[in-house]
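I opened a new page for this one. Below are my notes, in the order I looked things up.

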Amino acid sequence: MKIIVPMAGRGSRLRPHTLTIPKPLIPVAGKPIVHRLVEDIAGVLNQPIEEIAFVIHESFGAKVEEDLIAIAQKLGAKGTIYYQNEALGTGHAIMCAKDSLSGPAVIAYADTLIRANFDLDTNADSVIWVKQVDQPEAFGVVNLNEANEIIELVEKPKEFVSDLAVIGIYYFKDVAVLKNELQSVLDNNIIHGGEYQINDGIKQMMAKGMIFVPGEVDEWMDCGNKDVTVETNSRMLGFLHNDGEQLVGKNVKLENSTIIPPCYIGDDVVLINANVGPNVSLGNACHVQNSSIKNSLVQTHSHIKNANLDNAMIGNHASFDGKFTSISIGDYSVLE
(Lines give C-alpha, C1' and ligand atoms only; values in the text may rest on other atoms or scores of the structure.)
Protein backbone atom coordinates (compact mmCIF):
# COMPACT_ATOMS: atom_id res chain seq x y z
CA MET A 1 0.00 0.00 0.00
CA LYS A 2 1.14 3.54 -0.78
CA ILE A 3 0.01 6.91 0.50
CA ILE A 4 0.22 9.94 -1.78
CA VAL A 5 0.04 13.29 0.04
CA PRO A 6 -0.31 16.43 -2.11
CA MET A 7 0.78 19.36 0.07
CA ALA A 8 1.11 22.09 -2.61
CA GLY A 9 2.02 25.58 -1.32
CA ARG A 10 2.31 27.01 2.15
CA GLY A 11 -1.28 28.27 2.21
CA SER A 12 -2.51 31.84 2.74
CA ARG A 13 -5.46 31.40 5.10
CA LEU A 14 -3.20 30.52 8.04
CA ARG A 15 -0.75 33.37 7.74
CA PRO A 16 1.46 34.54 9.41
CA HIS A 17 2.21 31.01 10.64
CA THR A 18 2.65 29.59 7.14
CA LEU A 19 5.17 32.25 6.18
CA THR A 20 7.80 30.20 8.02
CA ILE A 21 6.26 26.73 8.31
CA PRO A 22 4.18 24.94 5.64
CA LYS A 23 0.66 24.41 6.95
CA PRO A 24 0.84 20.59 6.99
CA LEU A 25 3.81 20.79 9.39
CA ILE A 26 2.07 22.99 11.95
CA PRO A 27 1.60 20.85 15.09
CA VAL A 28 -1.85 19.93 16.36
CA ALA A 29 -1.87 18.38 19.84
CA GLY A 30 1.92 18.25 19.67
CA LYS A 31 2.33 16.54 16.31
CA PRO A 32 2.42 17.96 12.74
CA ILE A 33 -0.89 17.83 10.87
CA VAL A 34 0.53 15.68 8.07
CA HIS A 35 2.09 13.26 10.59
CA ARG A 36 -1.26 12.76 12.32
CA LEU A 37 -3.00 12.37 8.97
CA VAL A 38 -0.78 9.58 7.65
CA GLU A 39 -0.85 7.83 11.06
CA ASP A 40 -4.65 7.90 11.10
CA ILE A 41 -4.83 6.58 7.55
CA ALA A 42 -2.34 3.82 8.32
CA GLY A 43 -4.49 2.87 11.32
CA VAL A 44 -7.61 2.59 9.17
CA LEU A 45 -5.85 0.58 6.46
CA ASN A 46 -4.39 -1.82 9.03
CA GLN A 47 -1.77 -3.07 6.59
CA PRO A 48 1.90 -2.31 5.89
CA ILE A 49 2.67 0.97 4.15
CA GLU A 50 5.31 0.55 1.44
CA GLU A 51 5.79 4.20 0.46
CA ILE A 52 4.58 7.66 1.40
CA ALA A 53 5.03 10.19 -1.40
CA PHE A 54 4.77 13.89 -0.53
CA VAL A 55 4.10 16.50 -3.23
CA ILE A 56 5.47 19.84 -2.08
CA HIS A 57 6.69 23.18 -3.39
CA GLU A 58 10.42 23.29 -3.98
CA SER A 59 10.69 26.35 -1.71
CA PHE A 60 9.84 24.24 1.37
CA GLY A 61 13.54 23.49 1.68
CA ALA A 62 15.80 20.65 2.73
CA LYS A 63 14.80 20.64 6.42
CA VAL A 64 11.11 20.16 5.58
CA GLU A 65 11.98 17.37 3.18
CA GLU A 66 14.06 15.66 5.90
CA ASP A 67 11.14 15.94 8.34
CA LEU A 68 8.73 14.40 5.83
CA ILE A 69 11.07 11.52 5.06
CA ALA A 70 11.37 10.91 8.83
CA ILE A 71 7.55 10.78 9.14
CA ALA A 72 7.44 8.03 6.52
CA GLN A 73 10.28 6.11 8.14
CA LYS A 74 8.53 6.16 11.52
CA LEU A 75 5.70 4.25 9.85
CA GLY A 76 8.16 1.78 8.30
CA ALA A 77 7.71 3.23 4.83
CA LYS A 78 9.93 4.69 2.14
CA GLY A 79 9.57 8.45 1.90
CA THR A 80 9.59 10.11 -1.52
CA ILE A 81 9.53 13.81 -2.37
CA TYR A 82 7.98 15.27 -5.52
CA TYR A 83 7.55 18.91 -6.51
CA GLN A 84 4.57 20.92 -7.70
CA ASN A 85 5.88 24.44 -8.24
CA GLU A 86 2.78 25.78 -10.00
CA ALA A 87 -0.69 25.69 -8.41
CA LEU A 88 -2.38 23.87 -11.28
CA GLY A 89 -4.89 21.84 -9.27
CA THR A 90 -5.40 18.55 -7.50
CA GLY A 91 -5.13 16.41 -10.62
CA HIS A 92 -1.87 18.07 -11.60
CA ALA A 93 -0.47 17.64 -8.06
CA ILE A 94 -1.15 13.91 -8.13
CA MET A 95 0.49 13.56 -11.52
CA CYS A 96 3.62 15.23 -10.17
CA ALA A 97 4.02 11.94 -8.25
CA LYS A 98 3.31 9.76 -11.30
CA ASP A 99 6.41 7.62 -10.76
CA SER A 100 4.80 6.34 -7.54
CA LEU A 101 1.31 5.84 -8.98
CA SER A 102 1.06 2.07 -9.16
CA GLY A 103 -0.72 -0.60 -7.14
CA PRO A 104 -3.08 0.05 -4.22
CA ALA A 105 -2.81 3.56 -2.83
CA VAL A 106 -4.50 6.20 -0.73
CA ILE A 107 -4.45 9.83 -1.84
CA ALA A 108 -4.95 12.33 0.99
CA TYR A 109 -4.79 16.12 1.03
CA ALA A 110 -2.74 17.38 3.95
CA ASP A 111 -4.97 20.04 5.50
CA THR A 112 -7.49 17.74 7.14
CA LEU A 113 -7.58 15.24 10.01
CA ILE A 114 -9.91 12.31 10.58
CA ARG A 115 -11.02 9.82 13.19
CA ALA A 116 -12.36 6.62 11.68
CA ASN A 117 -12.89 2.98 12.52
CA PHE A 118 -14.09 0.78 9.68
CA ASP A 119 -12.90 -2.01 7.39
CA LEU A 120 -11.69 -0.80 4.01
CA ASP A 121 -13.62 -2.36 1.11
CA THR A 122 -10.69 -3.55 -1.00
CA ASN A 123 -13.03 -5.26 -3.48
CA ALA A 124 -14.19 -1.92 -4.88
CA ASP A 125 -12.12 -0.11 -7.49
CA SER A 126 -12.08 2.94 -5.23
CA VAL A 127 -13.25 4.25 -1.87
CA ILE A 128 -13.98 7.94 -1.39
CA TRP A 129 -13.99 9.06 2.23
CA VAL A 130 -17.04 11.16 3.17
CA LYS A 131 -18.58 12.79 6.23
CA GLN A 132 -22.22 13.60 6.87
CA VAL A 133 -22.62 17.38 7.06
CA ASP A 134 -25.40 19.84 7.94
CA GLN A 135 -24.90 22.15 4.95
CA PRO A 136 -24.10 19.96 1.92
CA GLU A 137 -24.58 22.88 -0.45
CA ALA A 138 -21.22 24.22 0.78
CA PHE A 139 -19.29 21.07 -0.18
CA GLY A 140 -18.65 18.59 -2.91
CA VAL A 141 -20.93 15.60 -2.23
CA VAL A 142 -21.45 12.05 -3.51
CA ASN A 143 -24.61 10.69 -5.08
CA LEU A 144 -25.30 7.04 -4.20
CA ASN A 145 -27.42 4.38 -5.89
CA GLU A 146 -29.48 1.74 -4.11
CA ALA A 147 -26.42 -0.52 -3.88
CA ASN A 148 -24.59 2.19 -1.87
CA GLU A 149 -22.23 2.81 -4.78
CA ILE A 150 -21.09 6.29 -5.76
CA ILE A 151 -22.47 7.17 -9.18
CA GLU A 152 -21.81 10.92 -9.23
CA LEU A 153 -19.71 13.67 -7.69
CA VAL A 154 -21.55 16.98 -7.38
CA GLU A 155 -19.75 20.20 -6.40
CA LYS A 156 -21.76 22.52 -4.10
CA PRO A 157 -25.21 21.32 -5.21
CA LYS A 158 -27.97 23.95 -5.34
CA GLU A 159 -30.57 21.21 -4.91
CA PHE A 160 -30.23 18.36 -2.39
CA VAL A 161 -28.24 15.41 -3.71
CA SER A 162 -26.93 13.94 -0.45
CA ASP A 163 -25.43 15.12 2.84
CA LEU A 164 -22.22 13.11 2.43
CA ALA A 165 -19.35 15.54 1.78
CA VAL A 166 -16.10 14.49 0.09
CA ILE A 167 -13.27 15.17 2.56
CA GLY A 168 -10.28 14.76 0.24
CA ILE A 169 -9.10 11.22 1.01
CA TYR A 170 -9.36 8.45 -1.60
CA TYR A 171 -8.39 4.78 -1.92
CA PHE A 172 -7.65 3.19 -5.31
CA LYS A 173 -7.21 -0.55 -5.74
CA ASP A 174 -4.83 0.26 -8.60
CA VAL A 175 -3.91 3.93 -8.67
CA ALA A 176 -2.32 3.44 -12.10
CA VAL A 177 -5.85 3.52 -13.53
CA LEU A 178 -6.35 6.99 -12.08
CA LYS A 179 -2.94 7.99 -13.44
CA ASN A 180 -3.99 7.01 -16.96
CA GLU A 181 -7.23 8.99 -16.69
CA LEU A 182 -5.48 12.05 -15.27
CA GLN A 183 -2.93 11.87 -18.09
CA SER A 184 -5.87 12.08 -20.46
CA VAL A 185 -7.18 15.10 -18.51
CA LEU A 186 -3.80 16.83 -18.92
CA ASP A 187 -3.37 15.83 -22.58
CA ASN A 188 -6.83 17.11 -23.48
CA ASN A 189 -6.47 20.24 -21.34
CA ILE A 190 -9.66 19.51 -19.35
CA ILE A 191 -9.77 22.39 -16.88
CA HIS A 192 -12.34 23.41 -14.25
CA GLY A 193 -11.91 26.48 -12.11
CA GLY A 194 -8.67 27.19 -13.94
CA GLU A 195 -7.09 23.93 -12.72
CA TYR A 196 -6.76 20.23 -13.48
CA GLN A 197 -9.01 18.38 -11.03
CA ILE A 198 -8.90 14.85 -9.61
CA ASN A 199 -12.68 14.67 -10.09
CA ASP A 200 -12.32 14.71 -13.87
CA GLY A 201 -10.14 11.60 -13.70
CA ILE A 202 -12.59 9.94 -11.31
CA LYS A 203 -15.56 10.76 -13.54
CA GLN A 204 -13.81 9.10 -16.48
CA MET A 205 -13.26 6.00 -14.33
CA MET A 206 -16.95 5.95 -13.39
CA ALA A 207 -17.94 6.30 -17.04
CA LYS A 208 -15.98 3.11 -17.75
CA GLY A 209 -17.99 1.21 -15.13
CA MET A 210 -15.53 1.15 -12.25
CA ILE A 211 -17.04 0.73 -8.79
CA PHE A 212 -16.71 3.52 -6.22
CA VAL A 213 -18.04 3.18 -2.67
CA PRO A 214 -18.14 5.59 0.28
CA GLY A 215 -16.03 5.21 3.41
CA GLU A 216 -17.63 7.29 6.15
CA VAL A 217 -15.43 8.78 8.87
CA ASP A 218 -16.53 9.46 12.44
CA GLU A 219 -14.81 12.85 12.66
CA TRP A 220 -13.53 15.27 10.06
CA MET A 221 -11.42 18.20 11.24
CA ASP A 222 -10.21 21.08 9.12
CA CYS A 223 -6.98 23.04 9.52
CA GLY A 224 -7.71 25.73 6.98
CA ASN A 225 -7.41 28.89 9.07
CA LYS A 226 -6.51 29.98 12.59
CA ASP A 227 -9.92 29.56 14.23
CA VAL A 228 -10.66 26.10 12.83
CA THR A 229 -7.09 24.95 13.54
CA VAL A 230 -7.45 25.98 17.19
CA GLU A 231 -10.80 24.16 17.29
CA THR A 232 -9.26 21.07 15.68
CA ASN A 233 -6.46 21.16 18.26
CA SER A 234 -9.09 21.17 21.03
CA ARG A 235 -11.04 18.30 19.51
CA MET A 236 -7.91 16.21 18.94
CA LEU A 237 -6.78 16.77 22.53
CA GLY A 238 -10.16 15.47 23.71
CA PHE A 239 -9.85 12.33 21.58
CA LEU A 240 -6.29 11.62 22.71
CA HIS A 241 -7.19 12.24 26.38
CA ASN A 242 -10.11 9.81 26.13
CA ASP A 243 -7.78 7.27 24.47
CA GLY A 244 -5.54 7.48 27.54
CA GLU A 245 -2.57 8.88 25.62
CA GLN A 246 0.21 10.49 27.68
CA LEU A 247 0.09 14.19 26.78
CA VAL A 248 2.42 15.76 29.35
CA GLY A 249 6.10 15.71 28.45
CA LYS A 250 9.28 15.20 30.41
CA ASN A 251 10.82 17.67 32.83
CA VAL A 252 7.78 19.95 32.99
CA LYS A 253 8.32 22.49 35.78
CA LEU A 254 5.23 23.66 37.68
CA GLU A 255 5.42 26.44 40.24
CA ASN A 256 2.10 27.48 41.76
CA SER A 257 0.43 26.39 38.54
CA THR A 258 -2.46 24.22 37.38
CA ILE A 259 -2.96 22.13 34.24
CA ILE A 260 -6.63 21.49 33.40
CA PRO A 261 -6.94 18.55 30.96
CA PRO A 262 -7.06 17.87 28.16
CA CYS A 263 -3.76 19.58 27.38
CA TYR A 264 -0.61 18.73 25.48
CA ILE A 265 2.45 19.98 27.39
CA GLY A 266 5.78 19.44 25.61
CA ASP A 267 9.16 18.67 27.12
CA ASP A 268 10.95 21.26 29.26
CA VAL A 269 7.94 23.54 29.61
CA VAL A 270 8.00 25.95 32.56
CA LEU A 271 4.77 27.15 34.19
CA ILE A 272 4.97 29.79 36.92
CA ASN A 273 1.79 31.21 38.49
CA ALA A 274 -0.15 29.89 35.52
CA ASN A 275 -3.46 28.21 34.79
CA VAL A 276 -3.31 26.22 31.55
CA GLY A 277 -6.30 24.46 29.99
CA PRO A 278 -8.54 23.04 29.02
CA ASN A 279 -7.77 22.43 25.35
CA VAL A 280 -4.26 23.90 25.22
CA SER A 281 -1.15 22.71 23.38
CA LEU A 282 2.21 24.07 24.56
CA GLY A 283 5.23 22.99 22.49
CA ASN A 284 8.65 22.10 23.84
CA ALA A 285 10.53 24.64 25.98
CA CYS A 286 7.67 27.14 26.30
CA HIS A 287 7.66 29.43 29.36
CA VAL A 288 4.37 30.71 30.77
CA GLN A 289 4.26 33.10 33.72
CA ASN A 290 1.46 34.98 35.48
CA SER A 291 -0.97 33.88 32.80
CA SER A 292 -4.17 32.00 32.04
CA ILE A 293 -4.44 30.10 28.76
CA LYS A 294 -7.34 28.05 27.43
CA ASN A 295 -8.49 26.79 24.02
CA SER A 296 -5.17 27.75 22.43
CA LEU A 297 -2.26 26.39 20.41
CA VAL A 298 1.30 27.53 21.16
CA GLN A 299 4.27 26.06 19.28
CA THR A 300 7.83 25.73 20.65
CA HIS A 301 10.24 27.95 22.61
CA SER A 302 7.72 30.75 23.12
CA HIS A 303 7.50 32.99 26.20
CA ILE A 304 4.14 34.22 27.50
CA LYS A 305 3.56 36.38 30.55
CA ASN A 306 0.85 38.58 32.03
CA ALA A 307 -1.64 37.15 29.57
CA ASN A 308 -5.23 35.97 29.55
CA LEU A 309 -5.54 33.99 26.33
CA ASP A 310 -8.53 32.23 24.78
CA ASN A 311 -8.70 31.07 21.14
CA ALA A 312 -5.06 32.05 20.58
CA MET A 313 -2.51 30.63 18.16
CA ILE A 314 1.15 31.51 18.70
CA GLY A 315 4.15 30.34 16.67
CA ASN A 316 7.69 29.31 17.51
CA HIS A 317 10.18 31.51 19.38
CA ALA A 318 7.52 34.17 20.02
CA SER A 319 7.43 36.54 22.97
CA PHE A 320 4.07 37.79 24.21
CA ASP A 321 3.36 40.11 27.11
CA GLY A 322 -0.09 41.60 27.19
CA LYS A 323 -3.79 41.35 27.82
CA PHE A 324 -5.08 40.46 24.36
CA THR A 325 -7.59 37.57 24.39
CA SER A 326 -7.84 36.44 20.74
CA ILE A 327 -4.60 36.62 18.77
CA SER A 328 -2.72 34.97 15.90
CA ILE A 329 1.00 35.75 15.71
CA GLY A 330 3.69 33.92 13.79
CA ASP A 331 7.23 32.73 14.43
CA TYR A 332 9.70 35.13 16.09
CA SER A 333 7.00 37.78 16.63
CA VAL A 334 7.09 39.94 19.75
CA LEU A 335 4.15 41.71 21.42
CA GLU A 336 4.98 43.68 24.55
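I began with strand β11, residues 164–172, and found it mostly covered: 9 of its 9 residues are buried. I note here that the model is a predicted one.

Next I looked for the strands that pair with β11. Strand β6, residues 105–108, pairs with β11 in the antiparallel sense, over 4 bridges.

**Aromatic rings**

How many aromatic pairs does a search of the whole structure find? The search gives 3. I checked Tyr170 and Phe172: their ring centres are 6.4 Å apart and their planes meet at 20 degrees, so I log the pair as stacked. The cut-off for stacking is under 30 degrees between planes. Tyr170 is buried, with a relative accessible area of 4%. Phe172 is buried too, at 0%.

**Thr112**

I moved on to Thr112, which sits in strand β7, residues 112–115. Its relative accessible area is 2%, so I list Thr112 as buried. What does the side chain of Thr112 make a polar contact with? I found the side chain of Trp220, at 2.6 Å. A polar atom of the Thr112 side chain also lies 3.3 Å from the backbone oxygen of Met221. Leaving out residues up to four places away in sequence, Thr112 touches Ile33, Leu37, Ile167, Ile169, Trp220 and Met221.

**Helix α1**

Two of those contacts, Ile33 and Leu37, took me to helix α1, where both are among the buried residues. The helix covers residues 33–45. I tested its length. At 1.5 Å a residue, its 13 residues should span 18 Å, and the end C-alpha atoms are 18 Å apart, so the two agree.

Is α1 enclosed or open? I found 10 of its 13 residues buried, so the rest of the structure largely encloses it. The buried residues also include His35, Arg36, Ile41 and Leu45. After the helix comes Asn46, and its phi is positive, near 55 degrees.

**Ala53**

I then went to strand β4, residues 51–56, which holds Ala53. Ala53 is buried, with a relative accessible area of 1%. Which residues does Ala53 touch, not counting those up to four places away in sequence? My list reads Ile3, Ile4, Val5, Thr80, Tyr82 and Ser100. I also took a distance from Ala53 to Val130. They are 77 residues apart in sequence, and their C-alpha atoms are 23 Å apart in space.

**Cysteines**

Last, I searched the whole structure for disulfides and found 0. The cut-off is 2.5 Å between sulfur atoms. From the other end, Cys286 is in no disulfide either, and its nearest cysteine sulfur is that of Cys263. I checked burial for each. Cys263 counts as buried at 4% relative accessibility. Cys286 is buried at 1%.

Key: Residues numbered from 1 in each chain as written. Predicted model: local features only at pLDDT ≥ 70, side-chain atom pairs only at ≥ 80, totals over all residues. Heavy atoms only, no water. Helix = DSSP H or I, 4+ residues; strand = E, 2+ residues; numbered from the N terminus. Expected span 1.5 Å × (residues − 1). Buried < 20%, exposed > 50% of the residue type's maximum accessible area, 1.4 Å probe, protein only. Phe/Tyr/Trp six-rings, centres within 6.5 Å; stacked < 30°, edge-to-face > 60°. Pairing = 2+ DSSP bridges. Contact = heavy atoms within 4.5 Å. Polar contact = N/O pair within 3.5 Å; in protein donor to acceptor, adjacent residues only side chain to side chain.
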